[in-house]
Amino acid sequence: MCTAEGDRELALAAASGDRAAFAVLLARHYDRLFGLCFRLTGRRETAEDLTQDICLALPAKLKHFRGEAKLTTWLYRVAVNAALDRRRRAATRAKSAEGWGRWESNRRAAIEDSAANLRWLRRAMTALPEPLRDTAALVLGEELSHAEAALVLGVSEGTVSWRLSEIRKRLRAMRQEELSS
Amino acid sequence: MTDPLDELKRAMDSATPMPDPARRAANLARAQKIFERAQGSAAAPRPTHDRPAGWAGWKTGVGRMFAALAARPVLAATTGLAAVGLIALVPLIREGGLPLLPPEVPLSGTMVAQDGISIGPAGDEVAEIAAAPAAVEPPSAPVTAVGSPIDLAENESLVAVPRVRSLRSSTAELEVEHALRSESIAEAEPIGQDGMGRPGSETFANADPQPLRIAAEEPVSTFAIDVDTASYAFIRSTLMHGFLPSPEAVRIEEMINYFPYGYAEPEASGSPFRPTVTVMETPWNRDTQLIHIALQGRSPAVEKRPPLNLVFLVDTSGSMDDPAKLPLLVQSFRLMLGQLRPQDQIAIVAYAGSAGLVLDATPADDRTAILAALDRLHADGSTAGAQGLRLAYQTAERMAAEGEVTRVVLATDGDFNVGIADPDALEEFIARKRQSGIYLSVLGFGRGNLDDATMQALAQNGNGHAAYIDTLSEARKVLVDQLTGALFPIANDVKIQVEFNPAAVAEYRLIGYETRALAREDFNNDKVDAGEIGAGHSVTALYEVTPVGSPAVLSDPLRYAESREAMQGLDGELAYLRLRYKEPGEAESRLTEFPIALGMGAANADTRFAAAIAGFGQILRGGRYLGTWSYPDAIALAEANTGDDRFGYRREAVTMMRLAEGLAD
């Protein structure tokens with residue numbers, strides 16, 4: 001069975017009130033959703049909370065799912081919007097940047113050998129402005145195509161491509177800086 | 001050279017953790033519950049008492065339902081379930097005569113606004129703070145009268161355990177403070193323990209909702225003001241955990257008084273507070289009136305205060321890496337920023353592995369620079385406190401000027417690695433600096449390794465105060481009320497007495513203040529204790545009154561009651577308000593009194609928002625007098641009246657209402 005197709009049917013069934021379909025759907029996508037939330041926020045706790053927000057909101061949101069987009073695309077859009085919403089709240093402005101630092105120190109003990117790699121990731125993600133970070137999370141983390149990511153982010157495909165080249169440029173600059181210092 | 005995008009991707013893939021299994025299970029379960037509830041409540045918001053008794057309604061309903069179902073692309077196996085969900089639609093078809101909505105029409109009544117993606121508040125900063133200890137999971141059973149032990153452990157500060165705040169520490173007061181402190185802790189602990197396992201204990205001091213009173217029989221209502229706000233914080237954290245608070249946990253006056261309002265300030269000389277009365281239409285009942293009584297305490301004279309130079313010395317060591325520590329601290333500073341004036345200056349020094357000047361002296365009105373500096377604070381590394389302290393004092397010395405107050409504010413979780421040889425030397429260092437006119441305040445954050453003794457010693461020697469901050473509201477109290485202003489009571493034992501005019505008012509009801517009721521004769525008895533108003537505080541009380549002759553009158557007139565015509569002369573006078581208070585240090589109370597007339601004052605965003613919160617509180621308590629007015633009405637009313645809401649308190653309340661709506665059956 002093609003997963004995307006199964007997703008669509010399940011989602012439509014859930015949208016019209018099928019409890020079992022809803023349960024299967026959410027269980028199937030929970031981990032993926034959490035992964036994206038983590039990549040969007042850079043912090044495990046925040047990601048847990050964000051995933052929770054989304055889960056609790058999904059029953060209502062799902063009513064609007066018409067099966068026009070792929071379910072995952074639709075779900076990513078919900079997640080990205082939820083993350084945006086979160087950031088928009090003045091209270092959380094400090095979080096996403098700060099989160100990478102926090103997360104890094106938590107992980108340090110656990111994964112000794114990839115510590116350098118993680119530090120680099122943290123620095124890289126923190127250095128990127130939010131739109132670029134979100135784009136990276138979707139295209140690199142979730143492996144969406146530029147077109148899919150554009151749909152999720154509500155921008156044109158060209159913008160996604162431009163953002164990726166911008167990310168590449170910034171990462172290169174960062175590396176140059178590291179080498180020279 | 002490899003593509004940096006590949007590197008980023010690899011790093012990302014290897015870094016992404018798996019979700020916490022416990023939270024995963026809990027989230028799935030809760031989402032499922034909400035989903036199921038949404039099916040039931042979507043088309044039938046009031047299913048229980050509207051349910052038709054007869055079989056006929058049920059049959060027609062099901063008939064139409066299957067007609068509707070047949071057209072839907074529902075998986076065959078699930079038809080049975082869908083039908084179960086749709087049974088709840090039956091009542092409306094018959095009772096309300098409403099058209100049967102096709103299932104795909106978006107319906108209100110779920111927890112989330114249908115427009116945009118405005119998701120509930122669990123992600124709110126405040127939520128994380130309220131849920132401080134890292135491994136927070138929703139309690140496994142709904143919070144009933146008292147809540148599970150887990151709940152209390154998390155919320156202890158909100159419930160029963162008085163914390164020691166802002167121990168001012170001039171040496172003379174020191175011993176007394178210490179005595180008081182240990183005493184309050186000794187008293188507090190058993191209460192907290194006791195409350196844990198025993199439902200119905202006084203963990204939630206509350207009484208039955210204020211009943212409706214008949215003005216002709218009981219014309220006088222007396223109560224003491226209350227400026228506590230703990231109930232709101234408790235309700236918030238309960239809702240954040242996904243449960244409705246038990247009605248006993250809801251103290252409506254504390255919810256209303258949690259919010260800042262822009263009530264008129266008292267004049268410079270004269271009474272320490274100013275009463276403002278507004279008579280407006282009751283949101284939940286067109287046939288009654290709401291009397292909104294606001295008392296605004298005089299604000300400390302901020303404009304007369306000398307300019308402040310504040311150096312924040314922020315501990316960014318690894319142990320500050322906790323939602324209740326660094327993020328709370330940053331939040332707290334944000335709050336305080338709004339209270340500073342352009343003449344004030346701020347500098348920030350961070351200390352961890354190494355000490356560094358994050359922000360050099362900056363005028364307080366350059367918010368962009370200050371906020372950006374706050375955003376740069378990361379928890380990382382070990383602590384080198386002494387080095388930071390030296391740097392902070394150096395910075396402070398540069399900022400200091402004649403006629404200004406210079407203060408170093410040390411924010412730490414107390415894991416204070418004393419680098420200057422030994423603690424005594426550190427204290428000495430601080431004491432020496434005090435003589436140069438620089439004060440030191442210590443703010444403690446988080447639990448666990450809070451080194452209270454060191455904190456106290458430092459603050460005492462620095463001629464400042466030490467305070468413990470565990471929630472944002474505590475931060476607001478300490479940083480906003482105490483640091484920039486001065487927290488001092490401006491009126492003690494404030495009592496309110498309202499005498500209703502039975503010729504104009506048939507029935508009245510005080511909303512909230514159940515635990516503050518006073519006997520009528522106690523109003524004039526100065527020995528009877530009541531609430532205090534602090535500088536800048538405001539207190540709100542609401543009465544719902546039913547005018548004589550209104551269709552909303554619930555009680556029938558007495559056949560043998562005496563005629564009220566004698567009082568008709570007082571045209572439009574609904575009631576007479578009396579306020580008693582004592583000036584600090586005085587034993588004898590003063591009296592302020594004036595009549596309340598119909599149409600007095602003008603309703604504005606403040607009064608209407610207070611009414612919305614009162615409505616919300618009443619819904620949480622069962623909503624006995626609200627008729628069909630419910631969450632959507634409260635949400636709409638609150639949302640329309642958030643005012644300028646500088647700190648987002650009101651918007652947060654709207655989110656709370658949405659959450660409660662989603663959780664309500």
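## Confidence

Helices (H or I, at least four residues) and strands (E, at least two) are DSSP runs, numbered from the N terminus. Residues 41-203 of chain B have a pLDDT below 50. Beyond near neighbours in sequence, that stretch still has 254 contacts in the model. Two residues are in contact if their C-beta atoms, placed from the backbone, lie within 7 Å.

The average pLDDT of chain B is 68, and 59% of its residues score at least 70. For the complex, the predictor gives an ipTM of 0.76 and a pTM of 0.44. This is a predicted model, in which local features need pLDDT of at least 70, side-chain atom pairs count only at pLDDT 80 or more, and totals for chains, interfaces and linings use all residues. Residues are numbered from 1 along each chain as its sequence is written, while chains are lettered from A and ligands numbered from 1 in the order in which they are written.

## Chain B overall

Chain B holds 20 helices and 17 strands. Of its 665 residues, 47% count as buried. A residue is buried if 20 or more other C-beta atoms lie within 10 Å of its own, exposed if 12 or fewer, and partly exposed in between; C-beta atoms are placed from the backbone. Take the contacts in chain B between residues at least 6 apart in sequence: 79% of them join residues at least 24 apart.

## Helix packing between the chains

Helix H7 (residues 130-141) of chain A packs against helix H1 (residues 4-15) of chain B. The angle is about 80 degrees and the axes are 10 Å apart. Axes are lines fitted to C-alpha atoms, for helices over the stretch in contact, and angles run from 0 to 180 degrees between N-to-C directions. H7(A) is therefore roughly perpendicular to H1(B). Angles of 65 to 115 degrees count as roughly perpendicular, under 35 as roughly parallel, over 145 as roughly antiparallel and the rest as oblique.

H7(A) contributes Ala136(A), Leu140(A) and Gly141(A) to the contact. H1(B) contributes Leu5(B), Leu8(B), Lys9(B) and Met12(B). By class, five residues are nonpolar, one is polar and one is charged. Here Ala, Val, Leu, Ile, Met, Phe, Trp, Tyr, Cys and Pro count as nonpolar, Asp, Glu, Lys and Arg as charged, and the others, Gly among them, as polar.

Helix H2 (residues 19-41) of chain A has a kink of about 45 degrees, centred on Tyr30(A). The bend at a residue is the angle between axes fitted to the seven residues ending there and the seven starting there. Gly42(A) follows H2(A), with a positive phi near 75 degrees.

Gly17(A) sits in the loop between helix H1 (3-15) and H2 of chain A. Gly17(A) is buried, with 28 other C-beta atoms within 10 Å. Its C-alpha is 8.8 Å from that of Lys63(A), 46 residues away in sequence. Glu143(A) lies in the loop between H7 and helix H8 (146-153) of chain A. Glu143(A) is not a glycine, yet its phi is positive, about 60 degrees. Glu143(A) is exposed, with 11 other C-beta atoms within 10 Å.

## Chain B: two buried loop residues

Tyr513(B) is in the loop between strand E13 (505-511) and strand E14 (531-534) of chain B. Its phi is positive, near 60 degrees. Tyr513(B) is buried, with 24 other C-beta atoms within 10 Å.

Ser317(B) is in the loop between strand E6 (308-315) and helix H12 (326-337) of chain B. Ser317(B) is buried, with 26 other C-beta atoms within 10 Å. Ser317(B) and Thr412(B) are 95 residues apart in sequence, but 8.9 Å apart in space, C-alpha to C-alpha.

Technical notes: pLDDT = per-residue confidence, 0-100.
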